[in-house]
Amino acid sequence: MTFGQRLKYLRVKNNLTQKEVSEKMDVAFQTVSKWESDINEPDIESIKQLASIFNCSIDYLFNTDSEKNKEEKSIVNSKKHK
């Protein structure tokens with residue numbers, strides 16, 4: 001799971017819109033969209049804020065290889081088709 005996929009998973013899991021996350025971080029919602037699309041990556045301060053918003057570690061945000069990732073990715077992909 002990429003950083004963007006993980007971010008989207010956490011956002012959806014927490015019932016937040018991109019706009020709501022962007023307001024919490026004081027950035028444009030397009031910025032969050034680009035992060036989720038893996039077009040851009042956040043700076044370190046934004047990464048710290050994201051970890052705080054989603055109550056997770058920075059390491060978790062960037063973890064790319066675990067069985068849980070496969071489960072999370074399937075959840076994100078199933079939400080796309082609804």
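# Helices, rings and a core

Trainee: Where does Arg 6 lie relative to Tyr 60?

Mentor: Arg 6 sits over the face of Tyr 60, at 4.2 Å from the ring centre. Keep in mind that this is a predicted model.

Trainee: OK. How many helices and strands does the protein have?

Mentor: There are 6 helices and 0 strands. Read from the N terminus, the elements go α-α-α-α-α-α.

Trainee: And how many aromatic pairs?

Mentor: The count is 1 aromatic pair. Its rings belong to Phe 3 and Phe 62, with centres 4.8 Å apart and planes at 20°, so the pair counts as stacked.

Trainee: Which parts of the chain does that pair link?

Mentor: Distant ones: Phe 3 is in helix H1 and Phe 62 is in helix H5, residues 58-62. The two are 59 residues apart.

Trainee: Is Phe 3 buried or exposed? What about Phe 62?

Mentor: Phe 3 has a relative accessible area of 6%, so Phe 3 is buried. Phe 62 has 32%, which makes Phe 62 partly exposed.

Trainee: Switching to H3. Which of its residues are buried?

Mentor: In helix H3, residues 29-36, the buried ones are Val 32, Trp 35 and Glu 36. They cover an arc of only 95° around the axis, so they are on the same side of H3.

Trainee: Why would residues three or four places apart point the same way?

Mentor: An α-helix has 3.6 residues a turn, so residues with that spacing point the same way.

Trainee: What covers the buried residues of H3?

Mentor: The cover includes helix H1 (3-13), helix H2 (18-25) and helix H4 (44-53).

Trainee: What is Trp 35 in contact with?

Mentor: Leaving aside neighbours within four places in sequence, Trp 35 is in contact with Phe 3, Gly 4, Leu 7, Met 25, Asn 40, Glu 41, Pro 42, Ser 46 and Leu 50. Trp 35 also comes up in the largest nonpolar core.

Trainee: How many residues are in that core, and which have the most contacts inside it?

Mentor: The core has 15 residues, and those with the most contacts inside it are Val 21, Trp 35, Leu 50, Phe 54 and Leu 61. H1, H2, H3 and H4 are the elements that give two or more residues to this core. The largest share, 4 residues, comes from H1.

Trainee: Where does Asp 38 lie?

Mentor: Asp 38 is in the loop between H3 and H4, just after H3. At 37% relative accessibility, Asp 38 counts as partly exposed.

Trainee: Which residues is Asp 38 in contact with?

Mentor: Apart from neighbours within four places in sequence, Asp 38 is in contact with Thr 2, Phe 3, Gly 4 and Gln 5. The C-alpha atoms of Asp 38 and Phe 3 are separated by 7.1 Å, with the two residues 35 apart along the chain.

Trainee: And Asn 55, what is its phi?

Mentor: Asn 55 is not a glycine either, and has a positive phi of about 50°. Asn 55 lies in the loop between H4 and H5. At 72% relative accessibility, Asn 55 counts as exposed.

Trainee: Last one, the whole protein. What percentage of its residues count as buried?

Mentor: Of the 82 residues, 33% count as buried. The accessible surface comes to about 5,300 Å², and 47% of that belongs to carbon and sulfur atoms. Among contacts with a separation of 6 or more, residues 24 or more positions apart account for 63%.

Technical notes: Residues are numbered from 1 along each chain as its sequence is written. This is a predicted model: local features need pLDDT of at least 70, side-chain atom pairs count only at pLDDT 80 or more; totals for chains, interfaces and linings use all residues. Side-chain values use heavy atoms; hydrogens and water are left out. Buried means under 20% relative accessible area, exposed over 50%, partly exposed in between (1.4 Å probe, protein chains only). The arc is that of the directions from the helix axis to the C-beta atoms. Contact means heavy atoms within 4.5 Å. Rings of Phe, Tyr and Trp (its six-membered ring) pair if their centres lie within 6.5 Å; planes under 30 degrees apart count as stacked, over 60 as edge-to-face and the rest as tilted. A charge sits over a ring if NZ of Lys or CZ of Arg is within 6 Å of the ring centre and within 35 degrees of the ring normal. Accessible areas come from the Shrake-Rupley method with a 1.4 Å probe; for residues, only the protein chains shown count as cover. A nonpolar core is a set of buried Ala, Val, Leu, Ile, Met, Phe, Trp, Tyr and Cys residues joined through side-chain atoms within 4.5 Å.
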